[in-house]
Amino acid sequence: MKLNQVYLAENLAFLRNVPIDYCDLIYIDPPFFSGVDYKEFSDLWHSLEEYLEFMKERLIEIYRVLKVTGSFYCHCDPNAVFDLKPLCDKIFGKKYFRREIIWNVGSVSGFKSQVKGWVRQHDTILYYTKSDNFTFYKQYTPYKEEYIKKMFRYKDEDGRLYRKRRGGKQYLDEKPGNALGDVWNDIYSFQTSTRAKEYLGYPTQKPEKLLERIILASSNEGDLVADFFCGSGTTLAVANKLSRRWIGVDNNPKAIGLCKKRLNIN
Ligand SMILES: C[S@@+](CC[C@H](N)C(=O)[O-])C[C@H]1O[C@@H](n2cnc3c(N)ncnc32)[C@H](O)[C@@H]1O
C-alpha cells in the first residue's frame, strides 16, 4: 500500500485490505446520521439501525488496523453520539475510552439559532486508545505575555526563563501554558468563519487547527496517520505539514480531487 496517498474507494472494502496493527493514529469524521443530503455525499438513512450497522462494520476494521500503541478519534454530533459511544465501547473496550472532547464550534446564527431551546454549539469527539501504552503529548494554552512577564521573572545563564516553585525552578519552555482540557473553545468551525483562507467549501469540512491539536497530541513525526472518511483532506494536509506519513480514503470523486490538489499529488 502506497503511503502519503489518497484513495477513491468504499472504505469498508479498503479497510479489509489494510494490514493488522498498521496505523498510529486514526481520526474519522463520518456521516453523523443528520438526515441531510449534502451535494457531495448523503447522510440519509432508512433507520438508526442501518446507520449503526454501517458504522459497526467500519469500526471493527478500524480497531483491527490500529496499532496497539495507537489512538482513535471519532468525530460525532448530537444526532448519534449516544448511540456510537456504546458501540465504540464494545469494540475498543470501555476501559480504553479516554475522553469525551467537547469542541465548541462557536455561536451560530441564522435558522440554527431559531430553534426552541438551547442552541446547539458543540460537536463531540470520542477518544480511544487500544492499550495503556499510547502516545500522548500534552498540549498547552499559552500564557499571556503579561503573565509571563509577571511570573517568569528569572533568567538562567542559558537565557531560559523560569519561576521559583517549591524551592526549585520551573522553566517556561517546560510548561509553556495551561495544560489543555477536554473542552476546546478556541477553534472556530467554518459554520462561523466561512471566509477562512483554508476553507475549500467542502460540506462539514473541519478546520486544520482542530486536526493539528489531535495529531500533535497523539503521534510522533514519521507516524502513520489515517482518515478513512477524509473528505477534503484536512487530516492529511495537517499530517503532511507535521511530517507524519498519511493515508486517506473517500468514496466521493470530488473529495479526492480536492485532496489531490490540496496535497499536490497525482
Ligand atoms: C463529514 S465528511 C468528512 C469531512 C472532512 N473531515 C473534511 O475536513 O473535509 C464525510 C466524508 O465521508 C465520505 N464517506 C461516506 N461514506 C463513505 C464510505 N462508505 N467510504 C468512503 N468514504 C465515505 C463522504 O464522501 C464524505 O466526504
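The model is predicted. The protein is divided into two parts: domain 1 covers 5–139 + 180–263, and domain 2 covers 140–179. Between the C-alpha centres of domain 1 and domain 2 there is a distance of 35 Å.

**The sheet β7-β8-β9**

- Three strands, in the order β7-β8-β9, make up an open sheet with antiparallel pairing.
- β7 (154–155) and β9 (168–171) are the edge strands, and each of them pairs on one side only.
- Strand β8 (residues 161–165) is joined to β9 by four bridges in the antiparallel sense.
- K164 has K169 in β9 as its bridge partner.

**Other strand pairings**

- In general, the strands of a sheet pair through backbone hydrogen bonds, and the pairing is either parallel or antiparallel.
- β2 and strand β3 (residues 66–76) run parallel and are joined by five bridges.
- Y27 is paired in this way with Y73, its bridge partner in β3.
- Strand β4 (residues 97–104) and strand β5 (residues 122–129) run antiparallel, with seven bridges between them.
- Opposite R99 stands Y127 of β5.
- β4 also pairs with strand β11 (residues 183–184), where two bridges link the strands and the direction is parallel.
- The bridge partner of W103 in β11 is W184.

**The nonpolar core**

- The largest nonpolar core contains 53 residues.
- I26, I62, F72, C74, L126 and A226 are the residues with the most contacts inside this core.
- I62 is in contact with L15, I26, F72 and F228, when its neighbours within four places in sequence are left aside.
- Strand β2 is mostly covered, since six of its six residues are buried.

**Helix α6**

- Is helix α6 (residues 234–241) largely enclosed or largely open? Six of its eight residues are buried, so the helix is largely enclosed by the rest of the structure.
- The buried residues of α6 are T234, T235, L236, A237, V238 and A239.
- These buried residues pack against several strands, namely β1 (5–8), β2 (23–28), β12 (224–227) and β13 (245–250).
- They also pack against the helices α5 (208–218) and α7 (253–263).

- R244 is placed in the loop between α6 and β13.
- Why does R244 count as buried? The cut-off is 20 or more other C-beta atoms within 10 Å, and R244 counts as buried because it has 23 C-beta neighbours inside 10 Å.
- R244 and G222 are 22 residues apart along the chain, and their C-alpha atoms are separated by 4.5 Å.
- Apart from its neighbours within four places in sequence, R244 is in contact with I215, S219, E221, G222, D223, V225 and A239.

**Around the ligand**

- Which residues come nearest to the ligand? Of the 19 residues around the ligand, the nearest are F41, F229, G231, S232 and T234.
- The shell around the ligand is made up of seven nonpolar, eight polar and four charged residues.

Key:
Residues are numbered from 1 along each chain as its sequence is written. This is a predicted model: local features need pLDDT of at least 70, side-chain atom pairs count only at pLDDT 80 or more; totals for chains, interfaces and linings use all residues. Two strands pair if DSSP finds at least two bridges between them. A residue is near a molecule or strand if its C-beta atom, placed from the backbone, lies within 6 Å of it. Ala, Val, Leu, Ile, Met, Phe, Trp, Tyr, Cys and Pro count as nonpolar, Asp, Glu, Lys and Arg as charged, and the others, Gly among them, as polar. Domain bounds come from an automatic or database domain assignment. A residue is buried if 20 or more other C-beta atoms lie within 10 Å of its own, exposed if 12 or fewer, and partly exposed in between; C-beta atoms are placed from the backbone. Two residues are in contact if their C-beta atoms, placed from the backbone, lie within 7 Å. A nonpolar core is a set of buried Ala, Val, Leu, Ile, Met, Phe, Trp, Tyr and Cys residues joined through C-beta atoms within 7 Å.
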